[in-house]
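Biologist: I have a model open and some questions about its residues. Shall we go through them one at a time?

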Amino acid sequence: MKYLVIKCGGSVLENLPRTFYEDLVKIHDSGKWTPVLVHGGGPLITGLLKNLNVETTFVNGLRVTNQEVLDVVEMVLSGSVNKQVVRNIIEVGGNAFGVSGVDGTLLKAKPSDDSETLGFVGEVVEVNREVIEGIITQGHIPVISPIGIDTSGQRYNINGDIAASAIAKALEANLCFISDIPGILVEKNGKKKKLDSVTKAQVEELINNQTIYGGMIPKVTAAIDGLVHKIPEVGIINGFEKNSLIDYSNGLATGTKIVLEEEIA
């Protein structure tokens, strides 16, 4: 079985067209790939925190998370966003089953190395692939909210890109990040140009010169980490382009492909 882990960020999710979900269901029904969807929900979390007058800050694209922020993060991600995505898939004739990384200890987590700064932000130490495979066996597309848990029951806010990469590693799956831009863009002669392919070394250079910044940093670092740990391929594609997901799943040139070394053209 060939798995395709698809990561949708919160800023993209709110505006994704119906065609994206239709393409997702077509891929699932074709049997060529088995899709697994991992989602974020950043803007909705930020909006609710603001309404509740809870302060929120970011360090290197990751949200600083105390206990109060964590309650809101879980409520938004595992509640409203997760079920909205499931509804969107059902609406176009698909089958979907929404779970949190807490359920069945799907995402076993530990505090991140920067926990003194970031609070309850976690890293995935283990993925319970039996939970994912059980959902798939019953004919559903798994829809996963990136909240992790440790053996003592402490929850952790896990960046969606990092969670998606960990799940792709566990399933030995291709990983595809859904964006609202066509891929990684660089400026040449005053014009934005999309990179069809980019290597680990080029990504590090683009981060250093701040061409890649903010929320794109966790994406590309999670991509590189996945490639190092035997994820076959990572892509960043525009979810607003009709058929872009299908084109990607069929191996056509779309978006930006992230590779370890230049020899893979």
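Biologist: In which strand is Arg63 placed?
Modeller: Keep in mind that this is a predicted model. Arg63 lies within residues 62–63. That run is strand 4.

Biologist: Is Arg63 buried or exposed?
Modeller: Buried means under 20% relative accessible area. Arg63 has 8%, so Arg63 is buried.

Biologist: Which backbone oxygen does the side chain of Arg63 reach, and at what distance?
Modeller: Gly42 is among the residues that Arg63 touches, leaving out those up to four places away in sequence. The side chain of Arg63 reaches the backbone oxygen of Gly42, at 3.1 Å.

Biologist: How does Gly42 count in terms of accessibility?
Modeller: Gly42 belongs to helix 3, residues 42–51. Beyond its neighbours within four places in sequence, Gly42 contacts Gly10 and Arg63. Its relative accessibility is 24%. Buried would need under 20% and exposed over 50%, so Gly42 counts as partly exposed.

Biologist: Where does UniProt place the feature "binding site"?
Modeller: The record is an unreviewed entry.

Biologist: What is the relative accessible area of Pro146?
Modeller: The cut-off for buried is under 20%. Pro146 is buried, with a value of 1%.

Biologist: What is the geometry of the pair formed by Phe20 and Tyr21?
Modeller: The structure holds two aromatic pairs. In Phe20 and Tyr21, the ring centres are 5.2 Å apart and the planes are at 85°. Planes over 60 degrees apart count as edge-to-face. Both residues, Phe20 and Tyr21, are buried, and the pair is edge-to-face.

Biologist: Over which ring does the charged end of Lys2 sit?
Modeller: The distance to the ring centre is 4.3 Å. The cut-off is within 6 Å. The ring is that of Trp33.

How values were computed. Residues are numbered from 1 along each chain as its sequence is written. This is a predicted model: local features need pLDDT of at least 70, side-chain atom pairs count only at pLDDT 80 or more; totals for chains, interfaces and linings use all residues. Side-chain values use heavy atoms; hydrogens and water are left out. Rings of Phe, Tyr and Trp (its six-membered ring) pair if their centres lie within 6.5 Å; planes under 30 degrees apart count as stacked, over 60 as edge-to-face and the rest as tilted. Buried means under 20% relative accessible area, exposed over 50%, partly exposed in between (1.4 Å probe, protein chains only). A charge sits over a ring if NZ of Lys or CZ of Arg is within 6 Å of the ring centre and within 35 degrees of the ring normal. UniProt positions are given in the numbering used here, feature names are shortened, and annotations may be inferred rather than shown by experiment. Helices (H or I, at least four residues) and strands (E, at least two) are DSSP runs, numbered from the N terminus. Contact means heavy atoms within 4.5 Å. A polar contact is a pair of N or O atoms within 3.5 Å; within protein, one must be able to donate a hydrogen and the other to accept it, and residues adjacent in sequence count only if both atoms are side-chain atoms.
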